[in-house]
Amino acid sequence: MMVKLRNLVLFFMLLTVVAPILLYTDPAASFKTPFSKRDFLEDVTALTFNSDENRLNLLPRESPAVLRGGGGEEVVVYSVDKNSRRQEEARDQLSARVLSATDDDDDNSIKQVADSASEIHSRERTPVQLSQQTSEKVDDHHDEPNAFGAKKEKGNNVLLPDAQVRHLKDQLIRAKVYLSLPSAKANPHFVRELRLRVKEVQRALADASKDSDLPKTAIDKLKAMEQTLAKGKQIQDDCSTVVKKLRAMLHSAEEQLRVHKKQTMFLTQLTAKTIPKGLHCLPLRLTTDYYALNSSQQQFPNQDKLEDTQLYHYALFSDNVLATSVVVNSTITNAKHPSKHVFHIVTDRLNYAAMRMWFLDNPPGKATIQVQNVEEFTWLNSSYSPVLKQLSSRSMIDYYFRAHHTNSDTNIKFRNPKYLSILNHLRFYLPEIFPKLSKVLFLDDDIVVQKDLSGLWLVDLKGNVNGAVETCGESFHRFDRYLNFSNPLISKNFDPRACGWAYGMNVFDLDEWKRQNITEVYHRWQDLNQDRELWKLGTLPPGLITFWRRTYPLDRKWHTLGLGYNPSVNQRDIERAAVIHYNGNLKPWLEIGIPRYRGFWSKHVDYEHVYLRECNINP
């Protein structure tokens, strides 16, 4: 019995010694795993695609797929399927991009990385094919052009128009960034190739603004440039450097835009004040021919109608012969009874003979014309008119013409010399100019009449002096945009949110004007504004003051404004308007005029007229 027990103990002792040796030294033992090494490694690889990956993506790491040796050769550590490798690369690039691009806000960086990693994880269930796009679109395959050359916005199905033009322009910007980076400059071969691609893309783009303007080779140029940019992306993998460069470029572009806007405003103002050669030639030719006439040929017919209160009287003050002719022609063309319309034109001494000659040579049908010279209004002098005294003062001339003075306004529009012309202020002296008339329709010379205006004489102004279309549909047409409400004289007497109205087409009741002594009101406020502390610009501010609570609002269909500065005036408003107004600097007789509106004006000009052809005035 003792022998059996001893043998059993020795057996177990031997087993405890031999078993571990067999287990750890024999790779072919019966405890061998049922999976191959390849299967085991693939399972390990799959473990990286779990929900904990969102946290791991917060730290930059290298892809475990390959290692590069000292000679640049690739050594495969273990193999993974292609889709997994693409997903891994996309995740690494995304993390680096977000972290480097948001160095100003750490919390926001983490949130973006986490959200982006979640997005990648949700897409790993299906294969994702990454395209060689820009670094900012490495994981965004929704912005690729479709078969029609348009892009879909991310997150919806809206097609972006002219996607190829946009893409080519984006490529040029990216190319400029790469060309300015030190890492790219160190690679002369890449620089030469990229500059060549830039030239090709620039030639393809030319002046194209839409995809249909591009040549057929544009797609090939786009693809070639994309391949070159992909090389640049490999050379410059530090996104923070690219971001800094783009920020510098953005700042520079904004500064250049500001300078160009200022230059554009100056040149526009300069062009608006400059008389085109043709319009300078026209009055010279007309003046020469006028003084070749005898005195009887210099007289207009129907002068007995000038004071007939039963007729429709228009007041028009201008030194522009061609513009004045368009106002008269368009009014008569649309008048139901042309013989009942009388035009009272007042101009300056330089254009007096030319204005008379034009209408003597081009009489407006059965309508009546009167042309007067403002210098012949002997009653209008500096002792009577405060504004005339101010306009002739040295301080006013310095204000308008000497921009280098410290007390001059930097905005050139406040110093437009047209405001020195007394013609611009005659609208405040209508009862003195037309003492026998009861009602007058005042018209600017930059308007076109499209309908019969005789109905305006039937409008009851309800005791008001001025009938005008209000312009308070936009904030800049309120009183506070024209008057200085920091001055107590203005703030105590007027409402800053009061609705403004427009000059250009105004019905004036001259009987009510004289009854309320409007001219005296105008003179009083002009005396108070000698130092230009109440308002600065033009005749509308004093008009708003003078006719405060004395203006009757007309239907908006009578007068549509904005054709001299707004390229997007509603077409329906233009078509239904009785009068369209080219208020602003972009007058239709100037080259800077808005082409869309020029036809409404030019159709009333006979460009085949001998005077216009000799002065080379063309549409």
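Colleague: What is the handedness of the link of Cys-472 and Cys-499?
Modeller: This is a predicted model, where local features need pLDDT of at least 70, side-chain atom pairs count only at pLDDT 80 or more, and totals for chains, interfaces and linings use all residues. Residues are numbered from 1 along each chain as its sequence is written, and side-chain values use heavy atoms, with hydrogens and water left out. The sulfur atoms of Cys-472 and Cys-499 are 2.2 Å apart, which makes a disulfide (a pair of cysteine sulfur atoms within 2.5 Å). The torsion about the S-S bond is -90 degrees, and the link of Cys-472 and Cys-499 is left-handed.

Colleague: How many residues apart in sequence are the parts that Cys-472 and Cys-499 tie together?
Modeller: Helices (H or I, at least four residues) and strands (E, at least two) are DSSP runs, numbered from the N terminus. Cys-472 sits in the loop between β10 (466-468) and α17 (488-491). Cys-499 sits in the loop between α17 and β11 (505-509), so the separation is 27 residues.

Colleague: Is Cys-499 buried or exposed?
Modeller: Buried means under 20% relative accessible area, exposed over 50%, partly exposed in between (1.4 Å probe, protein chains only). Cys-499 has 18% relative accessibility, so Cys-499 counts as buried.

Colleague: Which cysteine is joined to Cys-281 by a disulfide?
Modeller: A search of the whole structure finds two disulfides. In one of them, the S to S distance is 2.1 Å, and Cys-281 is joined to Cys-615.

Colleague: How many residues apart in sequence are the parts tied together by Cys-281 and Cys-615?
Modeller: The torsion about their S-S bond is about -70 degrees, so this disulfide is left-handed. Cys-281 lies in helix α11 (residues 277-290). Cys-615 lies in the segment after α23 (610-614), so the separation is 334 residues.

Colleague: What pattern do the disulfides of the protein follow?
Modeller: The pairs are Cys-281 with Cys-615 and Cys-472 with Cys-499. With bonded cysteines counted along the chain, the pattern is 1-4, 2-3.

Colleague: Which helix gives the largest share of the positive patch?
Modeller: Patches are made of residues with over 30% relative accessible area and no salt bridge, and like charges are joined within 9 Å. A salt bridge is a side-chain nitrogen of Lys or Arg within 4 Å of a carboxyl oxygen of Asp or Glu. Lys-185, Arg-195, Lys-199 and Arg-203 gather in this surface patch. Three residues, the largest share, come from helix α8 (residues 188-205).

Key. Patch = residues over 30% accessible without salt bridge, like charges linked within 9 Å, V, L, I, M, F, W, Y side chains within 5 Å. Areas by Shrake-Rupley, 256 points an atom, 1.4 Å probe, with all protein chains shown as cover. Lys, Arg positive; Asp, Glu negative; His and termini not counted. Charge placed at Lys NZ, Arg CZ, Asp CG, Glu CD.
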